[in-house]
Amino acid sequence: MPEPARILLVEDDGRLAELLQQLLTDEGYDTVLARDGQRALHEGLTQQFDAMVLDRGLPVMEGLDVLNRLRNRGVVTPALILSALGNPADRVEGLDRGAEDYLAKPFDIDELLARIRALLRRHRSDVPVIAVPGGSLDVTSRTVTTRHGDPIPLSERESDLLERLARRPSQVFERGDLLVSVFPDADDPGVVDTYVHYLRKKLGRGSVRTIRGIGYQLGPLS
Ligand code: CA
């Protein structure tokens, strides 16, 4: 069975937030709720999501600013903006500033769910781009784009290894696990170390962390 899609839900209105979280959970989504812009930024930068549902009017930092900052840090997760402002100029601003879709409040629950499904379909089929701290990896073209925008081409195995680490950014992988999942034809775990070395040469020394006695974990690009 495929893993459930992960959704970052950002909504400060307590009752609406609870209602939406319940609804998304009932639909089978793995949902993380953030109630203000700061929290949303933190979750968006430290976790991997398949879609974001972002209220525009938030305390501390408004929804479009959160989205802007995430986009500037290389987070390409598709976003649906919810807004009490429904006029065309507002909608255009939302789309211009990096949102994939825009829905005015009050909205119909079924319409929201349909739009989330559409967002996830587009994301999963057309946008094979994974966020890594400080940039992103396009697994189709095997290219890393850093926050400064310089594209770095990777070999097939380098890309596979980085993808494996980036899909679970908080997990520490054992060498043996990486050997089996990324280098199924090899039997020397040293090949993992060799490719970690290649990635560090291309993406910076911190891009793959060594966790002593265990293995490797994704780190920030430099
Ligand atoms: Ca609000």
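Start at the hairpin of E6 and E7: there are 2 residues between the strands, and Gly-134 takes a positive phi near 90°. Helices (H or I, at least four residues) and strands (E, at least two) are DSSP runs here, numbered from the N terminus. Before going further, note that this is a predicted model: local features need pLDDT of at least 70, side-chain atom pairs count only at pLDDT 80 or more, and totals for chains, interfaces and linings use all residues. Residues are numbered from 1 along each chain as its sequence is written, and side-chain values use heavy atoms, with hydrogens and water left out.

E6 and E7 (residues 135-138) pair in the antiparallel sense over 4 bridges; two strands count as paired if DSSP finds at least two bridges between them. Val-132 stands opposite Gly-135 in E7.

Widen the view to the whole sheet. This open sheet of 4 strands has the order E6-E7-E8-E9, with antiparallel pairing. E6 and E9 (151-153) are at the edges with a single partner strand each, so one side of each has no neighbour in the sheet. From one strand to the next, the twist averages 25° (axes are lines fitted to C-alpha atoms, for helices over the stretch in contact, and angles run from 0 to 180 degrees between N-to-C directions). E7 and E8 (residues 143-146) run antiparallel, joined by 4 bridges, and Ser-136 stands opposite Thr-145 in E8.

Next, select Val-144 and Leu-162. They have the most contacts inside the largest nonpolar core, which has 25 residues. A nonpolar core is a set of buried Ala, Val, Leu, Ile, Met, Phe, Trp, Tyr and Cys residues joined through side-chain atoms within 4.5 Å. Which element gives the most to this core? H8 does, with 5 residues. Beyond its neighbours within four places in sequence, Val-144 is in contact with residues including Leu-162, Leu-203 and Leu-221.

Follow H8 (190-203) to the loop between it and strand E11 (208-211), where you'll find Ser-207. Ser-207 counts as buried because its relative accessibility is 1%. Its side chain reaches the backbone oxygen of Gly-204 at 2.7 Å.

Select Arg-6 and you'll see it opposite Asp-30 in E2.

Last stop: the calcium ion. Which residues coordinate it? Asp-12 (OD), Asp-55 (OD) and Gly-57 (O) do, at 2.2 to 2.3 Å. Donors are N, O and S atoms within 2.8 Å of the metal (3.2 Å for Na, K and Ca), and water is not among the atoms, so sites may look incomplete. Asp-55 counts as buried because its relative accessibility is 4%, while Gly-57, at 47%, counts as partly exposed.

Terms used
Buried < 20%, exposed > 50% of the residue type's maximum accessible area, 1.4 Å probe, protein only. Polar contact = N/O pair within 3.5 Å; in protein donor to acceptor, adjacent residues only side chain to side chain. Contact = heavy atoms within 4.5 Å.
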